[in-house]
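Q: Can we go through the side-chain contacts in this one? I'd like to start with the charged pairs.

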Amino acid sequence: SILFTSWRREVGDTARAPHLYLMNADGTEQRRLVPESLNSSEGATWSPDGKWIVFARKGDRGADLYLADQHGNQLRRITHDGTRNIYSGSPTFSPDGRSIAFYADDGKSAALVVIGRNGKGRRTLVAEGYNWYPRWSSDSQWLVFTTRRPGAAKDDIDVMAVSVEGGLPIPLVGGATRDQEGSWRP
């Protein structure tokens, strides 16, 4: 199955808006997975076992993360950031399926956060600067992410890694360039 975001307008929709869709790998049987709009083009990712999907949904004041089962029947909100003017985005499951990494942007900075798939055990790994697009190592022990450190120029974006146990981030690629969105080789 392939999961994707589409701005298509279906019968009953009052306007075009981003929704999650699911289809077979050959493009057949396309269907809207969750009836409500994401209000964001962030997209969604599968759990390693293929039974769950995590995605961000933007509200009036921020965005929260949600889990949906593979059929879109069960839906559960796992963060409550939207009510606090925090935009939580770019969620991704750890390879072991136990945790979800994402960024939480309050408008002044974007923290790199890990939370259990049940919505418990939330931990901020990197609080300073703007930290986006976390990607897991295959052993679920590290995250590589994009960052703009405090005081850096807007286009000075680096790729860093941090242990999920905490500690200081390790610079991987940086300097006065725009380096972003790394990923681990499986």
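A: A salt bridge here is a side-chain nitrogen of Lys or Arg within 4 Å of a carboxyl oxygen of Asp or Glu. Aspartate 64 and arginine 77 meet that, at 3.6 Å, N to O. Keep in mind that the model is predicted.

Q: Which strands do aspartate 64 and arginine 77 lie in?
A: Aspartate 64 is in strand β6 (residues 63–69) and arginine 77 in strand β7 (residues 75–77), so the bridge ties together parts that are 13 residues apart in sequence.

Q: Is aspartate 64 buried or exposed?
A: Buried, with a relative accessible area of 5%. Arginine 77 is partly exposed, at 34%.

Q: How many salt bridges does a search of the whole structure find?
A: Six. One of them joins the side chains of aspartate 13 and arginine 32, at 2.8 Å, N to O. Aspartate 13 lies in the loop between β1 (2–6) and β2 (19–23), and arginine 32 in strand β3 (residues 31–32), so this pair ties together parts that are 19 residues apart in sequence. Arginine 32 counts as buried, at 17% relative accessibility.

Q: Which residues are linked in a network of salt bridges?
A: Asp81, Arg84 and Arg122. Within it, the side chains of aspartate 81 and arginine 84 meet at 2.7 Å, N to O. Aspartate 81 is buried, at 1% relative accessibility. Arginine 84 is partly exposed, at 48%.

Q: Switching to rings. How many aromatic pairs does the search find?
A: Five, over the whole structure. Among them is tyrosine 87 with tyrosine 103, a stacked pair with 6.3 Å centre to centre and 25° between the planes. That pair links distant parts of the chain: tyrosine 87 is in strand β8 (residues 87–93), tyrosine 103 in strand β9 (residues 99–105), and they are 16 residues apart. Both tyrosine 87 and tyrosine 103 are buried.

Q: What about tyrosine 130 and tryptophan 132?
A: They are stacked as well, with 5.8 Å centre to centre and 25° between the planes. Tyrosine 130 and tryptophan 132 are both buried.

Q: Which residues do ring pairs link into a cluster?
A: Tyr87, Tyr103 and Tyr133.

Q: Last topic, charges over rings. What sits over the ring of tyrosine 21?
A: The charged end of arginine 8, 4.4 Å from the ring centre.

Q: And which residue lies over the face of tyrosine 66?
A: Arginine 57, at 4.7 Å from the ring centre.

Notes: Residues numbered from 1 in each chain as written. Predicted model: local features only at pLDDT ≥ 70, side-chain atom pairs only at ≥ 80, totals over all residues. Heavy atoms only, no water. Phe/Tyr/Trp six-rings, centres within 6.5 Å; stacked < 30°, edge-to-face > 60°. Helix = DSSP H or I, 4+ residues; strand = E, 2+ residues; numbered from the N terminus. Buried < 20%, exposed > 50% of the residue type's maximum accessible area, 1.4 Å probe, protein only. Lys NZ or Arg CZ within 6 Å of the ring centre and 35° of its normal.
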